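Here is a short report for a reader meeting this protein for the first time. Please look over the sequence and the fold, then read on.

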Amino acid sequence: MNYRHAFHAGNFADCMKHALLVWLLRAMARKPAGFFVLDTHAGAGRYDLAAGPAARTGEWRAGIGRLLDDPPAELADYVALVRQCGVYPGSPVLIRALLRPQDRLACCELQPDEFAALKRALRGDDRVAVHRRDAWEALGALLPPRDRRALVLVDPPYEPLDDFSRLAAGLRTGHARSPNGVFAAWYPIKHRAPVREFHTALRETGVRDIVAAELWLREPLDPARLNGCGLAVINPPFRFEAEVPPILRALLTRLGAGEPGAGIALERLVDE
Ligand SMILES: C[S@@+](CC[C@H](N)C(=O)[O-])C[C@H]1O[C@@H](n2cnc3c(N)ncnc32)[C@H](O)[C@@H]1O
């Protein structure tokens, strides 16, 4: 477990994941009944971009750094939340910012330092539980939530890359426990082959109603670079397919550098 998210916090891939996460949370909150969010790979919860690992890599400058001033309308909600949080919010802090009194959040994180930081970031809120627990095991153990709708974010580090192969199985396990839950799984796009295999594995799970939203900064040819990223969503809420492409386009307009092969896609992998 060498991965530390702080080196990458606020980069273009975080912006894509977090902008769509905010959209999903708003969609969940359209109904008054409470919902439960499971963040399986939660990280440290919040990141100082001005110091430490994030400042060393500076990845955020080509991500949230290009959105903070005068954000496009499609990203205004996400950027306003980032500003409201003060430091760059990881997924747990963003989710907590949008919980209503009737909603709940459970976060899992295995790495000891990240877990300790996460506990500090989320303390004092009885809607929130933090577990030092394996994500893949939690997908079976923490679902289904009692009396609540569920949103599950699965955001593994892909170090080693075999997180890709665990992902389809993990989603199948979670979906079997919570068939009406909304599941969102982030994935890197370095080159096409692992993504194609993942999409095939998802189709073979037998789970219905799956879409994939993707953003590429360039043609995904160099496997050593993060050329793009995707979010596979099971049971996408109403209007996901209409409202997410403009968000992806706004991200690409601000964060892309006009490289060959840049683009966005929203692909339906499995019908309802
Ligand atoms: C990509 S980061 C999470 C970032 C976070 N979701 C966000 O958006 O702010 C992945 C995290 O998963 C943790 N992790 C890795 N394997 C895990 C496992 N099997 N169970 C729980 N956490 C794990 C890592 O320590 C790391 O902090």
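## Size and shape

The radius of gyration is taken over C-alpha atoms, and the globule rule is 2.2 Å times the number of residues to the power 0.38. For 272 residues, a compact globule would have a value near 19 Å; the protein has 17 Å, which agrees. Along the principal axes, the C-alpha trace spans about 45 × 40 × 35 Å.

This is a predicted model: local features need pLDDT of at least 70, side-chain atom pairs count only at pLDDT 80 or more, and totals for chains, interfaces and linings use all residues. Residues are numbered from 1 along each chain as its sequence is written, and side-chain values use heavy atoms, leaving out hydrogens and water.

## Fold

The protein has nine helices and ten strands. These are DSSP runs, numbered from the N terminus: helices are H or I with at least four residues, strands E with at least two.

Contact means heavy atoms within 4.5 Å. Among contacts between residues at least 6 apart in sequence, 78% join residues at least 24 apart.

## Core

Buried residues make up 55% of the 272 residues. Buried means under 20% relative accessible area, exposed over 50%, and partly exposed in between (1.4 Å probe, protein chains only).

A nonpolar core is a set of buried Ala, Val, Leu, Ile, Met, Phe, Trp, Tyr and Cys residues joined through side-chain atoms within 4.5 Å. The largest one holds 94 residues; Leu 38, Ile 64, Leu 67, Tyr 78, Tyr 187 and Leu 251 touch the most other members. Helix α1 (residues 12–28) gives this core its largest share, 13 residues. Leaving aside residues up to four places away in sequence, Leu 67 touches Cys 15, Leu 75, Tyr 78, Val 79, Leu 251, Arg 254 and Leu 255.
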